[in-house]
Amino acid sequence: MLGFETVVGLLLPSWEELQLSVAAAAFLIVAYWFLTLGDGVDRTLVETSAGAEMDDDEKEMDQSKGDLHSNSAYLIKVKLLAAKNLRGANLNGTSDPYAIISCGAEKCFSSMVPGSRNPIWREGFNFAVDELPVKIIVTIYGWDIIRRSAVLGSVTIPVEHEGRTGAIWYTLDGASGQVCLHIKTHKLQVDSSRVLDGCSGANTQRKAFADQEPMVFHQKHGPLQTIFNLLSDEIVEHSYSCALERSFLYHGRIYISAWNICFHSNVFSKQIKVTVPFGDIDEIKRSRHAIINPAITVILRVGAGGHGVPPLGNGDGKVRYKFASFWNRNHVLRNLQHAVQKYHTMFEAEKKKEREPSTLLDFIKEKQQPALLYFVKEKKMPTLPAHSSSSFRGSESQSNISEEFVAKIEQFQPFIKEEVLTRIYNDVFPCTAEQFFKFVLDDGSTFTNEYHTARKDFNLIVSQWHASSEYNGQVRDVKYRTLCNFPLCPPDIPVTELQHTFLSADKKNLVFETVQQTEGVPFASYFEAHCRWSVETVSESSCTVDITFGAYFKKWCLLQSKIKSAAVDDNKKVYKIRLDAARSYITKSRTSNIASSSAVTQENN
């Protein structure tokens with residue numbers, strides 16, 4: 001009997017063990033409910049507190065003093081409050097949802113809420129539009145560490161007039177789910193200089209500067225253009241290896257320009273591109289990842305939203321991006337802070353310049369030149385395009401405008417950097433400057449095709465000459481692939497040669513300038529090859545050709561002096577061969593023209 005009781009005691013739990021098991025099970029049930037279903041507890045709180053939050057919209061709009069101008073007529077403030085009953089995209093039945101809110105060409109990313117089918121965001125996004133109606137498109141995605149994010153559903157909300165909607169639940173077009181949004185549309189003063197606090201404001205302001213400033217024609221093919229599709233006048237000022245914090249660290253590279261912070265990563269074939277305009281940044285500060293890894297946190301202003309991938313969320317409504325794994329975190333932080341300060345200084349100077357009266361317009365008013373005043377106001381810039389005197393409309397008052405006065409205000413930016421040029425060739429050619437252009441450079445000439453064919457270049461594309469408003473004369477571009485014998489280069493590399501030419505009014509002086517850019521060569525993104533041909537007629541059948549060449553560095557590199565000297569030495573040989581080919585082509589063309597003229601004369605006789 002004693003043995004039986006002992007066996008039963010070993011097999012059955014005691015009363016204390018039973019109590020402990022029940023308590024542990026209850027704790028697990030409560031914890032599971034809190035982590036998976038607990039998001040729904042505050043659902044009524046979202047809806048009831050939404051009205052209180054939106055009552056402060058007027059105050060937010062007045063207090064959101066950023067650094068971004070816009071001339072749009074309406075400001076649309078979209079509040080992404082929450083979502084519920086989303087489809088489970090993960091293996092455990094949950095999702096890592098984030099939203100992309102689009103309005104026209106602008107789009108912003110919300111933060112990602114991990115492990116939830118009922119996320120709460122309470123994040124705002126601002127969009128500037130010129131007119132109504134417009135459509136707001138909200139798409140919910142489930143973040144995936146490696147694969148493409150899955151679409152959990154989307155909804156399109158038309159905005160047709162001013163006003164606010166209140167907190168409304170919209171049904172997604174996916175398998176299930178709803179999203180709660182509050183949309184307010186506010187009309188702005190078109191003629192006032194306004195400041196927007198949001199993602200579209202920065203983009204609008206950047207485009208406005210691009211419209212005001214003349215584009216630099218030869219700055220292309222950098223990583224900001226090839227990877228992020230930014231404007232061609234943006235160049236990389238600093239670049240560092242680092243990692244973006246998400247579910248884990250995505251290692252890549254961060255690029256700093258005068259306007260944006262850009263990050264690119266390609267881990268497990270998952271492309272990540274982040275572009276953060278300086279105008280959307282509220283603060284840049286030191287931080288840490290996993291306690292021991294120094295990091296930098298870029299905090300965006302309220303309403304800015306993410307750019308490219310979902311940022312990290314926070315209770316204050318400001319999203320952020322965290323970058324870690326720098327070689328020298330403090331050095332990168334100083335450069336980032338300096339770039340932001342430089343941006344704001346440039347922007348304040350531009351605002352001050354806009355407020356100051358135009359000295360050119362004042363001068364024209366004093367001289368009482370109404371036609372020219374109208375022309376300058378219409379162009380909204382002090383420079384005039386080439387041969388602009390022909391663009392004046394018929395008016396009796398225009399006849400009083402002297403050509404000397406127009407020439408004074410006619411200014412063009414240089415096509416190349418003269419300070420880097422060194423003379424590499426000077427010789428006499430058997431033609432005039434006008435004939436040199438006709439035989440060698442004109443659209444009807446075959447010299448360019450024959451020369452590159454002889455060099456064994458391929459994929460040659462030569463555009464037509466066209467007038468330029470930035471540079472006095474005409475411009476075109478020549479693209480081709482050329483063979484490369486350098487050990488560190490691929491067998492062939494792409495080359496883009498941007499060309500500019502100007503022939504004087506008396507046809508006796510010709511300027512031909514080129515800017516050559518290559519890819520695949522070490523340090524190719526650091527410099528450009530600048531060259532100028534100066535052709536001057538000295539007699540009816542001869543001219544002098546003077547060639548200067550230099551390497552212009554867009555940013556400093558360690559081997560800068562060696563690259564400059566090597567480029568000059570190599571191009572002395574290249575241009576000697578090119579000019580010999582041009583001399584031979586001109587002689588052949590002139591002989592052919594003389595023979596054709598003689599044949600025509602004999603036929604007429």
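These notes cover a sheet, the nonpolar cores, the cysteines and the salt bridges of a predicted model.

1. Basis. The model is predicted, so local features need pLDDT of at least 70 and side-chain atom pairs count only at pLDDT 80 or more, while totals for chains, interfaces and linings use all residues. Residues are numbered from 1 along each chain as its sequence is written, and side-chain values use heavy atoms, with hydrogens and water left out.

2. Sheet. Seven strands form an open sheet with antiparallel pairing, in the order β15-β14-β13-β12-β18-β17-β16. Strands are DSSP runs of E of at least two residues and helices runs of H or I of at least four, numbered from the N terminus; two strands pair if DSSP finds at least two bridges between them. The edges are β15 (270–277) and β16 (281–289); each has a single partner strand, so one side of each lacks a neighbour in the sheet. Strand β14 (residues 260–267) pairs with β15 over eight bridges, and P277 in β15 is the bridge partner of N260.

3. Cores. A nonpolar core is a set of buried Ala, Val, Leu, Ile, Met, Phe, Trp, Tyr and Cys residues joined through side-chain atoms within 4.5 Å. Buried means under 20% relative accessible area, exposed over 50%, and partly exposed in between (1.4 Å probe, protein chains only). The largest core has 37 residues, and I281, I284 and F323 have the most contacts inside it. Helix α7 (residues 329–355) supplies the largest share of this core, six residues. Another core, of 35 residues, lies apart from it and includes F429, F437, I547 and Y575.

4. Cysteines. There are zero disulfides in the structure, a disulfide being a pair of cysteine sulfur atoms within 2.5 Å. For C431, the nearest cysteine sulfur is that of C543, 4.1 Å away. C431 is buried at 0% relative accessible area, and C103 is buried at 5%.

5. Salt bridges. The count is 14, where a salt bridge is a side-chain nitrogen of Lys or Arg within 4 Å of a carboxyl oxygen of Asp or Glu. K322 and E245 meet at 3.8 Å, N to O. K322 is in strand β18 (residues 320–324) and E245 in strand β12 (residues 238–245), so this pair ties together parts 77 residues apart in sequence. K322 is buried at 16%, as is E245 at 17%.

6. A further pair. D427 and R583 form a salt bridge at 2.7 Å, N to O. D427 lies in strand β19 (residues 422–429) and R583 in helix α13 (residues 560–604), 156 residues apart. D427 is partly exposed at 28%, and R583 is partly exposed at 24%.
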